[in-house]
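Hi,

Here is the structure I promised to pass on. Have a look at it first, and my notes follow below.

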Amino acid sequence: MADDDDDLILSELPDDELVPQMHDDLYDGLRDEVVEGVNILLGRGWTPYDVLTKALVAGMKVVGDDFRDGILFVPEVLLAANAMKAGMAILKPLLAETGAPRMGKMVIGTVKGDIHDIGKNLVAMMMEGAGFEIIDLGINNAAEKYLDTLVSEDADILGMSALLTTTMPYMKVVIDVMKERGIRDDYIVLVGGAPLNEEFGRAIGADAYCRDAAVAVETAKEFIARKHNQMSQTA
Ligand code: B1M
């Protein structure tokens with residue numbers, strides 16, 4: 001996008017110009033500028049959540065649209081993703097340090113065959129900030145990896161992410177293996193990712209589909225509260 005603004009001084013831009021400029025910088029994969037923009041907004045009193053959603057996630061949407069339309073290609077998208085990750089790295093500790101009470105433990109990872117991890121990382125960050133302990137398995141996870149970790153970590157929640165229509169069916173494979181082993185009902189299963197929807201979540205036997213990270217946090221809280229209620233009724 002913009003390449004004639006080398007001498008632009010980000011800190012001199014008002015918010016309503018800085019944010020679109022950050023979207024451009026993200027689009028152009030300008031890691032240092034994105035980091036600078038994040039720091040400027042935080043310095044101006046923006047909440048980490050607003051910086052995340054309004055400056056970073058909204059910018060990535062444009063990247064996604066142009067990738068879909070064949071305007072951007074994998075190398076450019078990778079640069080944008082790296083710039084996004086650099087911005088997220090600054091926000092991560094800030095989102096995690098809310099002092100929220102411990103809520104439960106979640107194992108999260110992107111499914112087998114899928115290397116997209118930005119959305120999954122965002123969910124992990126927001127969940128951590130809401131008081132959940134997170135075991136992040138990264139990308140490309142086979143069913144055994146999820147299941148072994150759920151058991152060894154004595155987790156409450158399984159979170160699976162998929163960004164490809166070709167990898168989302170693997171979520172059902174994981175849930176089916178849980179059923180075969182008789183442990184499906186021991187865990188809350190939440191799924192998410194851009195190509196999913198509620199109907200898909202229901203069809204594969206997940207407890208809920210989460211549209212975004214904020215919904216994941218709210219949904220996880222609701223299910224954990226229900227679990228605690230059930231436990232206190234049976235005790
Ligand atoms: Co890829 N890619 N990509 N990609 N990529 C998509 C997904 C695509 C939609 C682009 C497009 O065509 N418009 C398309 C998929 C088409 C389809 O399946 N129908 C696509 C493709 C085709 C591919 C390749 C096949 C391209 C190729 O090689 N020819 C390839 C596949 C590699 C593989 O996985 N095997 C590929 C590769 C890549 C990069 C490596 C270049 C890079 C990933 C870098 C990385 O993640 N480290 C990349 C990127 C960045 C994208 C787009 C542009 C952006 C994804 C993203 O990070 N979004 C994406 C376009 C799009 O999604 N519109 C695209 C920002 C993020 C914050 O949103 O991930 O949706 P999202 O997460 C949200 C929610 O979905 C939800 O909460 C998050 C935060 O609010 N959520 C969860 C996500 N996971 C959750 C888990 C939960 C709960 C909620 O658990 C409880």
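Which residue's side chain does Lys172 meet in a salt bridge? The partner is Asp176, with 2.8 Å from N to O. Lys172 is partly exposed, because its relative accessibility comes to 36%. Asp176 is partly exposed too, at 25% relative accessible area.

Before I go on, please keep in mind that this is a predicted model, so everything here is computed.

**The ligand**

I'd start with the cobalt. His116 is the only protein donor to the cobalt atom of the ligand, through NE2 at 2.2 Å. You'll find His116 in the loop between β1 (104–110) and α5 (118–129). An N or O atom in the side chain of His116 is also 2.8 Å from a nitrogen atom of the ligand.

There are 33 residues around the ligand, and those that come nearest are Arg68, Ile115, His116, Asp117 and Ser161. A polar backbone atom of Gly64 is 3.4 Å from a ligand nitrogen, and one of Ala194 is 3.3 Å from a ligand oxygen.

**Salt bridges**

Another joins the side chains of Lys120 and Asp136, at 2.9 Å from N to O. This pair links distant parts of the chain: Lys120 belongs to helix α5 and Asp136 to strand β2 (residues 132–136), 16 residues apart. Is Lys120 buried or exposed? Its relative accessibility is 3%, so Lys120 counts as buried. Asp136, by contrast, is partly exposed, with 38% relative accessible area.

Arg68, one of the residues that come nearest to the ligand, turns up here too. Its side chain meets that of Asp69 in a salt bridge (2.9 Å, N to O). Arg68 counts as exposed because its relative accessibility is 60%, while Asp69, at 46%, counts as partly exposed. Both belong to a salt-bridge network that also takes in Lys61 and Asp65.

**On the surface**

Last item: Phe67, Val74 and Leu78 make up a nonpolar surface patch, with about 270 Å² of accessible area together. Leu78 is part of helix α4 (residues 74–96).

Cheers

Key. Residues are numbered from 1 along each chain as its sequence is written. This is a predicted model: local features need pLDDT of at least 70, side-chain atom pairs count only at pLDDT 80 or more; totals for chains, interfaces and linings use all residues. Side-chain values use heavy atoms; hydrogens and water are left out. Donors are N, O and S atoms within 2.8 Å of the metal (3.2 Å for Na, K and Ca); water is not among the atoms, so sites may look incomplete. Helices (H or I, at least four residues) and strands (E, at least two) are DSSP runs, numbered from the N terminus. Patches are made of residues with over 30% relative accessible area and no salt bridge: like charges are joined within 9 Å, nonpolar side chains (Val, Leu, Ile, Met, Phe, Trp, Tyr) within 5 Å. Accessible areas come from the Shrake-Rupley method with a 1.4 Å probe; for residues, only the protein chains shown count as cover. A salt bridge is a side-chain nitrogen of Lys or Arg within 4 Å of a carboxyl oxygen of Asp or Glu. A residue is near a molecule or strand if one of its heavy atoms lies within 4 Å of it. A polar contact is a pair of N or O atoms within 3.5 Å; within protein, one must be able to donate a hydrogen and the other to accept it, and residues adjacent in sequence count only if both atoms are side-chain atoms. Buried means under 20% relative accessible area, exposed over 50%, partly exposed in between (1.4 Å probe, protein chains only).
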